[in-house]
Amino acid sequence: MKILVTGGAGFIGSAVVRRAIADGHAVVNLDALTYAACLDSVASVADHPAYAFEHADIRDRAALDRIFAAHAPDAVLHLAAESHVDRSIDGPGEFIDTNVRGTFTLLEAARAYWERAGRPGAFRFHHVSTDEVYGSLGAEGQFTEATPYDPRSPYAASKAASDHLVRAWGETYGLPVVLTNCSNNYGPFHFPEKLIPVVILRALAGQPIPIYGAGENVRDWLYVEDHAEALLEVLQRGRLGRSYNIGGENEARNIDLVRMLCAILDDRRPEGAPHDRLISFVADRPGHDARYAIDPTRIRTELGWRPSVTLEQGLARTVDWYLANEDWWRPLLARPGVGARLGLAGATAGQGA
Ligand SMILES: NC(=O)c1ccc[n+]([C@@H]2O[C@H](COP(=O)([O-])OP(=O)(O)OC[C@H]3O[C@@H](n4cnc5c(N)ncnc54)[C@H](O)[C@@H]3O)[C@@H](O)[C@H]2O)c1
C-alpha cells in the first residue's frame, strides 16, 4: 500500500514512517517542518526506494493537489498538527489554523483526488486524534468511543473540531474515513519539551525536574512504536467510519512516572543518584485534566491489537535510547523557545506533557 503520511517528521509520524517502510509499504512523508519536526527521525529510511519526502503545508491546497496527483496514494494517514497543549495555551490561533483549517483543506484535497479516481472503496483517510477530546475523568471510569466530547484546552478543542470534520466528510461525501483517539505517547525521538524527555534530560544535567501541581494527574502511557503498529492495523483492517481508542493499559500518576524514570537513571548513571532529589513542584497548568484512561476493548476485540510493552519496559527502552542518542536531542534543545516555561497564560508555570 502507498501511504501519504502527514506530519511524518514529528514524533509519532516518524515512528509510523519507519514502521510502514519496515512492513513493506511505500510512504510519502508530507511535512511543513515546523519547530516540532526533525527529519533526522526518519534518517534510517530516507534513502529507501519506497520513501519520498514532500515539504508542504496541509493548509496549502495547491501543494496538496500536486502531491496527490504526483504520488497517487492508496491511503492518507493524517498526523500533522500543532500538538503541544502548553503552546496552545500561549498561542491558540495557530492550533485552530493548522488543526481545523489544515484538516479541512486536506479533506477537500483527498476528496477531490478520490472522486477523480472513481471513488475507490479501498481508499482510506485515517485521522489521528487524541483522548483529550473526551475531557477529564475522576478516579473511576475509562473513555470509550461513545464518551461524549468535552475538550478543555485549545489544543483538545481544535482536535475535537477536526474529528467532527472527518466524520462529516465520511457521512456527507462518502469519503472512506477511520479515526483513532490515543492516549499520551512516549518513546524514542520524543521532542525534548514533553514531560518524559524533559525529566530524562534535566536529570542527566543535574537540573530541577519540574512537576505540575502535586503530580497527581494520571495519564495512560502508550509506547510510540506500539502506537505506530496499531495505526497501521486500523488503517488496513479498521471498519469504515469507525473510531478506535488506542491506549497503553499503563495508567500512572505523573509523580510515580517521574520516580520510575529517576530509578532507571539511578541504575544507568549511579554517579547522579538519587535523581529524585531534583524533583521540583511548580504551579499547575490552567485547566489541567486530572485523569485520562482508555478502554481499549474495541481495538482488542475487533482487531486483536494489544500493547507489546509494559510501562517499566517502555521507560527503560526510552531512557536507554536518550542515553545513546545525544546527537539527536542535543541540537533540538537549542531551537527557539524549547525549554522555555510554556503554558503560562492564566497561571504561573509550564511544562509539556
Ligand atoms: N504525542 C502524543 O502523545 C499524542 C497523543 C494523542 C494524539 N496525538 C496526535 O498525533 C499526531 C502526531 O502527534 P506528535 O506528537 O507526533 O506531534 P509532533 O508535534 O511531534 O509532530 C507534528 C508534525 O506535524 C508537522 N506539521 C505541523 N503543522 C503542519 C502543517 N500545517 N502542515 C504540514 N505539517 C505540519 C510538524 O512539522 C511535525 O513534524 C497529532 O495529530 C496529535 O494531535 C499525539
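In which hand, left or right, does helix H8 pass helix H10 in their crossing? In this predicted model, H8 passes H10 in a right-handed crossing, and the axes of the two helices come within 10 Å and cross at roughly 55°. Because angles from 65 to 115 degrees would count as roughly perpendicular and those under 35 as roughly parallel, H8 and H10 are described as oblique to each other. On the side of H8, the contact is made by Met-260, Leu-261, Ile-264, Leu-265 and Arg-268, which meet Glu-312, Leu-315, Ala-316, Val-319 and Leu-323 of H10. In an α-helix, which has 3.6 residues a turn, residues three or four places apart point the same way.

These helices belong to a protein chain whose secondary structure comes to eleven helices and 13 strands. The radius of gyration of the chain is 19 Å, close to the 20 Å that the globule rule gives for 353 residues, so the chain is as compact as a globular protein of that length. Along the principal axes, its C-alpha atoms fill a box of roughly 60 × 45 × 40 Å, and buried residues make up 49% of the 353 residues. Of the contacts between residues at least 6 apart in sequence, 81% join residues at least 24 apart. An unreviewed UniProt entry lists residues 4–317 as "domain: NAD(P)-binding"; this span is 41% helix and 17% strand, and its end C-alpha atoms lie 29 Å apart.

H8, which covers residues 254–268, also packs against helix H6, residues 195–205, at an angle of about 40° and with the axes 10 Å apart. H6 and H8 are therefore oblique to each other, and their crossing is right-handed. The residues that make this contact are Ile-196, Val-199, Ile-200 and Ala-203 of H6, together with Val-258, Leu-261, Cys-262 and Leu-265 of H8.

The surroundings of H6 extend beyond H8. Nine of the eleven residues of H6 are buried, so this helix is largely enclosed by the rest of the structure; the buried residues are Leu-195, Ile-196, Pro-197, Val-198, Val-199, Ile-200, Leu-201, Arg-202 and Ala-203. They pack against strand E7 (185–186), strand E8 (209–212), H8, helix H10 (311–324) and helix H11 (326–333). H6 is followed by Gly-206, whose phi is positive, near 70°.

Technical notes
Residues numbered from 1 in each chain as written. Predicted model: local features only at pLDDT ≥ 70, side-chain atom pairs only at ≥ 80, totals over all residues. Helix = DSSP H or I, 4+ residues; strand = E, 2+ residues; numbered from the N terminus. Rg over C-alpha atoms; globule rule 2.2 N^0.38 Å. Buried ≥ 20, exposed ≤ 12 C-beta atoms within 10 Å, placed from the backbone. Contact = placed C-beta atoms within 7 Å. UniProt positions renumbered as here; feature names shortened; annotations may be inferred. Axes fitted to C-alpha atoms, helices over the stretch in contact; angles between N-to-C directions. Parallel < 35°, antiparallel > 145°, perpendicular 65-115°, else oblique. Left-handed = near helix turned anticlockwise from the far one by under 90°.
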